[in-house]
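Work through the exercises below with the sequence and the structure side by side, and try each task before you read its solution.

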Amino acid sequence: MSRPVDKYGKLGDAAFSRMEKVNADLFLLTYGSLVTQLLKDMEDAEAVNAQLDKMGYNIGLRLIDEFLAKSGVTACQDFRETAEVVAKVGLRMFLGVGAEVVMWNKEMTACSLVLAENPLAEYVELPANLVNKLWYSNLLCGVIRGCLEQLQLRVECRFEKDALQGDDQTMIRLELKEVLHEEYDDDD
Amino acid sequence: MAQQATVNVLIIVGKDDVPIYEADLSTEGIREDSPHLDQFVVHAALDLVDEMVWSTSSMFLRVVDKFNDFHVSAYCTAGHVRMMLLHKHRNEEAIRAFFAELHDLFIKAMLSPFQTPSAPIESPTFDAKVRAAGQRHFRA
């Protein structure tokens, strides 16, 4: 595995080309209505963030099956590889854009995913009262968390920067909390 | 010596006669008009737009009304959102180009999920872009 980036980039492109496509405008306007409806119902940006994360989590729990069936990735050796697969194959396959993995910590348990563009947030402009409160695309964090949890990796995932908030880029922080071990109970 | 101002006052009115956006794109200088008069003249022209709309298939309705030496040009989108411009000069091509660009900006602003179709546009980006477009097209 001399050039892992290249390998996953190609794998991601191949997986993306096999996926069924949906019109991008339809997708982002639907997501926009979802977020605004949540805002109307809950009135609190913090609660909407949590709700989006929860919805994403439930999507992630199921999405991982499709990912494993269609992407053709093999088992990862370490968390570093996992992050690469999430960024280059997972996001590319379902969102249409890949991400860069940057800013690893020393223990190699936390990194940031930089999204060059975020298809969910195109055309979106946050009103002033929601800036620095609402993480518009928080659903993505939930999806990643849900997927990895099915693979026995408990992670924490949150937005660190969002171009919608006026930051220079969109960045998701991904932290490995623990590797879960399956416990088998004796039947007696 | 202060120069005569080039008057360009823009308003956008929604389908249900709700004002959506207002901007004064005039250049600096001496003016004989007042904000009240501008608004009065433009609003008076709205009724004429509703008649003109059916007489042409184009969205740009050209000059729909005149008051003294003020002209009101209008542009009506497919969703019956009316964009009205009050001006004195007779540069129709510039106005046509400006409206085309404005329509584009307007659609982009409306695509934002936080924007409801008949609510005023409060986005500062939209405002900045409209003013920039105004300056580009109506530079004296």
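Predicted model: local features only at pLDDT ≥ 70, side-chain atom pairs only at ≥ 80, totals over all residues.

**Exercise 1.** Describe the fold of chain B, going from its elements to its overall dimensions.

Solution. The first step is to list the elements, and chain B has three helices and five strands. For the dimensions, the C-alpha trace of chain B spans about 50 × 35 × 25 Å along its principal axes. A compact globule of 140 residues would have a radius of gyration near 14 Å, and because chain B has 14 Å, the two values agree. Finally, 43% of the 140 residues of chain B count as buried, that is, under 20% relative accessible area.

**Exercise 2.** Characterise the interface between chain A and chain B.

Solution. Start with the residues involved: 13 come from chain A and eight from chain B. Between them the two chains bury about 830 Å², of which 74% is on carbon and sulfur atoms. Thr36(A), Tyr123(A) and Glu125(A) supply 62% of the area that chain A buries against chain B, more than any other three residues. Turning to polar interactions, the count of salt bridges between chain A and chain B is zero, whereas three residue pairs are in polar contact across the interface. By class, the side of chain A that touches chain B has 10 nonpolar, two polar and one charged residues.

Terms used:
Residues numbered from 1 in each chain as written. Chains lettered and ligands numbered in written order. Heavy atoms only, no water. Contact = heavy atoms within 4.5 Å. Buried area = accessible area lost by both parts, 1.4 Å probe. Salt bridge = Lys/Arg side-chain N within 4 Å of Asp/Glu carboxyl O. Polar contact = N/O pair within 3.5 Å; in protein donor to acceptor, adjacent residues only side chain to side chain. Nonpolar A, V, L, I, M, F, W, Y, C, P; charged D, E, K, R; others polar. Helix = DSSP H or I, 4+ residues; strand = E, 2+ residues; numbered from the N terminus. Rg over C-alpha atoms; globule rule 2.2 N^0.38 Å. Buried < 20%, exposed > 50% of the residue type's maximum accessible area, 1.4 Å probe, protein only.
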